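Please read the following points alongside the sequence and the three-dimensional view.

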Amino acid sequence: MNRSIFTVSQVNNYVKNLMDRDLLLQNLWIRGEISNFKLHSSGHMYFTLKDESSVLRCVFFRGKNKELKFLPCEGMKVLASGNISVYEHSGYYQLYIDKLEPE
């Protein structure tokens, strides 16, 4: 029996490449409520967006968030724009935010 065997890194890389080429997952807007907000000492913001039945991991890098006119906080309803991709190290997919607006 012939089997193809892959490493975890190879699978995560493959899935990341699929997601990065999917036009639907690029430059999309998502509505949600911020939870688990963390402002890292690097200036990066990490949180989840949630609605009544799901959550989505998000990262908002310092280079993108430095122009914000407000400080995101727990429970805030927002509109987020960015792209969905996989962080290969952990295998988690997440929204890489380019813009964030209070709703």
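1. The chain carries 13 positive and 11 negative side chains. The centres of these two sets lie 6 Å apart. Please bear in mind that this is a predicted model.

2. The next point concerns the fold elements. The secondary structure consists of two helices and five strands. Read from the N terminus, the order of the elements is α-β-β-β-α-β-β.

3. As for overall dimensions, a box of roughly 60 × 30 × 25 Å, taken along the principal axes, is filled by the C-alpha atoms of the chain. The chain has 103 residues, and 32% of them count as buried. Among contacts between residues at least 6 apart in sequence, 54% join residues at least 24 apart.

4. The accessible surface of the chain is about 7300 Å². Carbon and sulfur atoms account for 54% of this surface.

5. Which residues make a nonpolar surface patch of about 480 Å²? The patch is formed by Phe6, Val11, Tyr14, Val15 and Leu18. One of these residues, Leu18, is placed in helix H1, which covers residues 8–21.

6. Why is Leu18 classed as partly exposed? The relative accessible area of Leu18 is 39%, so Leu18 counts as partly exposed, because this class lies between the limit for buried, under 20%, and the limit for exposed, over 50%. Membership of a patch requires over 30% relative accessible area, and Leu18, at 39%, is one of the residues that make the nonpolar patch.

Key: Residues are numbered from 1 along each chain as its sequence is written. This is a predicted model: local features need pLDDT of at least 70, side-chain atom pairs count only at pLDDT 80 or more; totals for chains, interfaces and linings use all residues. Side-chain values use heavy atoms; hydrogens and water are left out. Patches are made of residues with over 30% relative accessible area and no salt bridge: like charges are joined within 9 Å, nonpolar side chains (Val, Leu, Ile, Met, Phe, Trp, Tyr) within 5 Å. Accessible areas come from the Shrake-Rupley method with a 1.4 Å probe; for residues, only the protein chains shown count as cover. A salt bridge is a side-chain nitrogen of Lys or Arg within 4 Å of a carboxyl oxygen of Asp or Glu. Helices (H or I, at least four residues) and strands (E, at least two) are DSSP runs, numbered from the N terminus. Buried means under 20% relative accessible area, exposed over 50%, partly exposed in between (1.4 Å probe, protein chains only). Contact means heavy atoms within 4.5 Å. Lys and Arg count as positive and Asp and Glu as negative; His and the chain ends are not counted. The place of a charge is taken as NZ of Lys, CZ of Arg, CG of Asp or CD of Glu.
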